[in-house]
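Please go through the structure shown here. The briefing below covers sheets, helix packing and backbone geometry.

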Amino acid sequence: MKLKFIFLFFGLLCSLSSCIEIFDDLTIHNDGTGTFKYNINLSSSKLKINSILALDSLNGVKVPSIEVVKSEIARIKSKFELKTGISNVSIESNFTDFIFKMKCDFTNVSSLQSAIKEIVTEENLLKDIDDLSHNWVSWEGQKLTRNIPDISFKKTKELTANEIELLTQGKYTSITRFDRPIEKFDNQTGKLSASKMAIMLQTNTYSLLQNAKLLENTIYLSPLKN
Amino acid sequence: MRIIIALTCLFLSLGILAQNSEDFIPRDAVTVFSINNISLLQKISMDDLVQYEFMEEVQTELFDGSTSGKTLKDSGIDFDQKLNVFYGKGIDHEVSGFTFGIKNKEQLFTVFDDFDKVESSIKGLEFYTSLSNHLIIKGNVGVLMRVEPLSEKVTEYADSIWYARGYKIPSDSYDEEDGEVLDNSDVIMEEEEYDAEKIDSLTQNNPVALESAFPVPTEDPNEKNYNELKDSVLLIFQKMYLAEICRDLFIKGNNLKKSDLQFANQLTHKTEGVFYMDNSRNLKKAQGAWYFQTMFPSLYSEVNELYSGNIILGDLVLNSNSIQLKLESNYGDVLGSIYEKLNDAKFDKSVLKYIHQNSPAHFTYNVNLREAYEQAYKIVVPILEKQKDARISSSLLTLELFNEFINKDALFGTYKGSMFGTFNGIKKVKTRKIEYIYDEKTFEFSEKEVEGEEDMPLFAFGLSTDRKDIPDKILSHISRLTSQCKNYGKYWKFDNAILESIPLYMINRNGLFIFTNDEDLAINHADGFGSEAISGKAARHIKNNGFMFAHVDWSKTIERLPREMFTTEQNDLLDAMREKTGIMELVSSKTTKQKTSFDIVYDFSEQYGNSGKYILDLVNSIYVLSK
């Protein structure tokens with residue numbers, strides 16, 4: 001139950017913190033196995049976060065202690081480890097610079113997707129997510145499709161000018177890596193690495209909240225050489 | 001209840017004077033705010049008042065949802081009389097309410113329309129009740145009163161009866177889970193679910209707990225469950241204490257004005273409002289006082305004697321361009337002798353060097369801790385010597401040995417007691433942050449520590465000291481233990497001391513030991529601001545205004561607050577304040593053995609008109625913004 005409060009608090013914290021940096025990094029090998037990394041960097045706002053942590057509550061949301069956050073992270077980690085097809089789960093928490101790094105290996109993207117969905121459902125983290133049966137990511141050997149579910153965050157029009165400014169300073173980066181070169185991709189904002197083995201999508205957190213589909217992409221790979 | 005809150009809020013911001021309403025304040029009242037409506041209405045006309053937007057809501061509330069063209073003027077309340085808001089706490093109960101004048105009883109009951117008349121056992125009294133609130137009318141005076149027994153007492157009696165009836169574990173024997181979210185309806189639902197889970201687990205393991213927590217209805221409808229029993233006990237105590245208060249007030253004719261001459265005298269002041277708080281009775285009726293009284297009766301009596309006459313009196317004055325709160329802290333000669341010594345300190349002029357002439361807010365506090373300690377020792381030791389209790393005797397020995405062995409010159413030389421503080425606005429301060437660097441070829445990333453900037457309020461807080469060597473000794477020791485603490489000659493710097501992010505600077509010079517997060521002050525002004533420091537008339541003003549002085553220039557302070565630190569709603573409120581700000585100052589008088597006076601004055605520009613209009617405009621702005 002505490003995780004939901006921490007999640008709620010974290011959302012609030014992110015909306016109040018300038019220059020939040022989030023990135024996900026998905027590596028998919030030719031056999032469909034891979035590694036997923038998710039990092040949140042709040043080091044630009046550590047002064048503000050430390051001030052908030054000294055409070056009892058913020059905008060009506062109870063501020064959890066660092067100890068509570070640590071124990072919840074440990075609980076979720078062990079829960080994640082038990083999910084089918086998931087291994088080598090690690091979560092690094094840096095409470096000095098407020099950087100959180102999650103990493104895990106998966107046997108296929110469906111396992112990763114199922115594990116995340118199960119945790120979201122079990123912990124009741126997102127009540128307004130439109131359809132959990134929807135595929136967020138699918139892999140067909142030569143084609144990877146990333147869809148973004150509709151998550152009802154606070155609508156942009158309800159955000160204050162101050163919140164918009166803070167969110168605009170935040171950055172979201174999504175990287176997808178493969179063992180072989182990328183042939184083409186649908187999202188025109190995508191940037192291909194010089195090696196052509198990775199593609200990066202970058203946007204600010206405000207634009208992302210306005211239109212989550214900015215990170216959607218279908219990536220076509222060159223044929224597998226025997 | 002909403003009516004009471006609405007009325008109280010209204011009257012607190014407005015005021016009423018009843019001819020004899022002050023004669024019906026119970027003796028139990030320890031805090032009273034009495035508002036002189038005659039004086040106030042000369043500054044705020046009733047016709048102007050009812051035009052304000054916030055009054056619409058007050059009036060809607062008063063007239064039960066429908067104003068029907070009615071205004072406050074149609075409430076039946078006599079606005080030529082005083083309103084006295086009171087609160088008191090006894091050992092077993094609390095009493096609160098207000099007394100007011102009545103002009104038209106019929107109109108009054110359009111406001112108090114949910115009060116039912118009950119038979120009065122006291123001749124000449126009309127008695128009306130609505131749940132726990134009681135309206136008592138005598139002549140042209142109304143007393144709205146609420147009496148609440150202390151919950152500990154109600155629980156104690158309810159439990160006792162409950163056990164006597166053969167039940168076990170009253171319903172509230174398990175703790176309620178703390179709310180994780182304070183204002184979120186979704187989460188309230190979660191809490192309820194959580195409680196339900198908890199109750200389930202409790203009752204699965206212990207069926208008796210369920211039975212006692214929520215007794216099953218029996219065949220006898222007169223059999224009460226625990227909560228019903230507790231309500232009954234509460235009601236009986238409410239009636240009992242209310243009857244006691246009414247007997248004292250209306251039959252014996254006792255009231256606070258009669259029992260406290262200082263209060264009676266205060267009521268004669270022709271100011272817009274008067275304030276009264278009896279600290280000595282607060283002490284006597286504090287939680288735990290009974291234990292002290294029972295275990296150490298003689299010491300309790302001595303302490304009471306020491307605190308007798310400890311009363312705070314105040315006047316609210318609305319001048320043409322200022323609002324003034326005059327406070328007088330009264331005490332007995334014995335306690336007064338300690339305060340007199342404490343506040344008899346020479347002003348430490350060196351603090352002026354560290355107050356910038358543009359400082360939006362600062363305070364100074366000058367006391368002589370050594371003298372106060374010596375005087376307190378002289379008073380406390382003889383009191384403790386009279387006690388025959390082993391624990392007190394042991395404490396006394398500790399105190400006497402401490403007094404003998406300790407180096408008081410070093411202790412009170414290091415911390416003399418005087419201090420000052422300044423707020424110097426908000427500045428960008430340098431912090432360290434982590435950035436991600438991407439390799440263009442592979443998009444592999446690495447972390448890099450770079451310099452960042454964040455907003456931070458700048459402050460300085462200094463203590464007077466004659467022993468520069470002692471803080472230096474402590475800091476030298478710390479610097480040997482950690483590389484975070486370093487001596488830079490004119491100042492010490494402790495890295496990441498504030499919010500684990502920014503440095504704290506310590507300046508140990510000119511008879512002051514100063515803590516600050518203002519890098520500029522530490523590096524460039526370790527010996528003070530020089531020609532930029534507060535000086536001349538402003539400096540003399542600080543020096544000549546007693547042991548305690550504070551100055552806040554709201555316009556400068558609000559101007560320097562960064563908008564990004566606040567929500568839109570808070571910024572709207574601050575914008576409204578920006579248009580209506582002034583200077584607030586706290587000054588104090590010389591302390592005597594009998595009293596110390598304080599004046600809090602809020603000055604604003606003439607352009608806002610008179611002070612009454614200024615307050616109402618401000619209240620209205622806040623109301624409109626919060627709608």
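Predicted model: local features only at pLDDT ≥ 70, side-chain atom pairs only at ≥ 80, totals over all residues.

Residues are numbered from 1 along each chain as its sequence is written, with chains lettered from A and ligands numbered from 1 in the order in which they are written.

**Chain totals**

- Chain A has 6 helices and 13 strands; helices (H or I, at least four residues) and strands (E, at least two) are DSSP runs, numbered from the N terminus.
- Chain B comes to 24 helices and 20 strands.
- Of the 226 residues in chain A, 27% are buried, where buried stands for 20 or more other C-beta atoms within 10 Å of the residue's own, exposed for 12 or fewer, and partly exposed for values in between, with C-beta atoms placed from the backbone.
- For chain B the buried share is 29% of 627 residues.
- Among contacts in chain A with a separation of 6 or more, 65% are between residues 24 or more positions apart; a contact is a pair of residues whose C-beta atoms, placed from the backbone, lie within 7 Å.
- The corresponding value for chain B is 71%.

**Seven-strand sheet, chain A**

- An open sheet of 7 strands in chain A has the order β5-β6-β2-β1-β9-β12-β11 and mixed pairing; two strands pair if DSSP finds at least two bridges between them.
- β5 (86-94) and β11 of chain A each have a single partner strand, so one side of each of these edge strands lacks a neighbour in the sheet.
- β1 (residues 21-28) and β2 (residues 34-41) of chain A run antiparallel and are joined by 8 bridges, and A:I22 has A:I40 in β2(A) as its bridge partner.
- Helix α4 (residues 109-122) of chain A packs on this sheet, where it touches β1, β2, β5 and β6 of chain A, and its direction makes about 130 degrees with that of β6(A).
- Helix α3 (residues 66-81) of chain A lies across β5 and β6 (99-106) of chain A and runs at about 170 degrees to β5(A); axes are lines fitted to C-alpha atoms, for helices over the stretch in contact, and angles run from 0 to 180 degrees between N-to-C directions.

**Four-strand sheet, chain A**

- A second open sheet, of 4 strands, has the order β7-β8-β13-β10 in chain A, with antiparallel pairing.
- Its edges are β7 (137-139) and β10 (182-185) of chain A, each with a single partner strand, so one side of each is without a neighbour in the sheet.
- Neighbouring strands of this sheet are turned by 15 degrees against each other on average, direction ignored.
- β10(A) pairs with β13 (residues 217-221) of chain A over 3 bridges in the antiparallel sense, and A:L221 in β13(A) is the bridge partner of A:I182.

**Helix pair, chain B**

- The axes of α6 (residues 151-164) and α9 (residues 226-251) of chain B come within 9 Å and cross at roughly 130 degrees.
- α6(B) is therefore oblique to α9(B); angles under 35 degrees count as roughly parallel, over 145 as roughly antiparallel, 65 to 115 as roughly perpendicular and the rest as oblique.

- A:K196 has phi near 65 degrees and sits in the loop between β11 (191-192) and β12 (198-204) of chain A.
- A:K196 counts as partly exposed because it has 15 C-beta neighbours inside 10 Å.
- B:F443 also has phi near 65 degrees; its place is the loop between β12 (419-438) and β13 (445-464) of chain B.
- With 21 other C-beta atoms within 10 Å, B:F443 is buried.

Note on methods. Contact = placed C-beta atoms within 7 Å.
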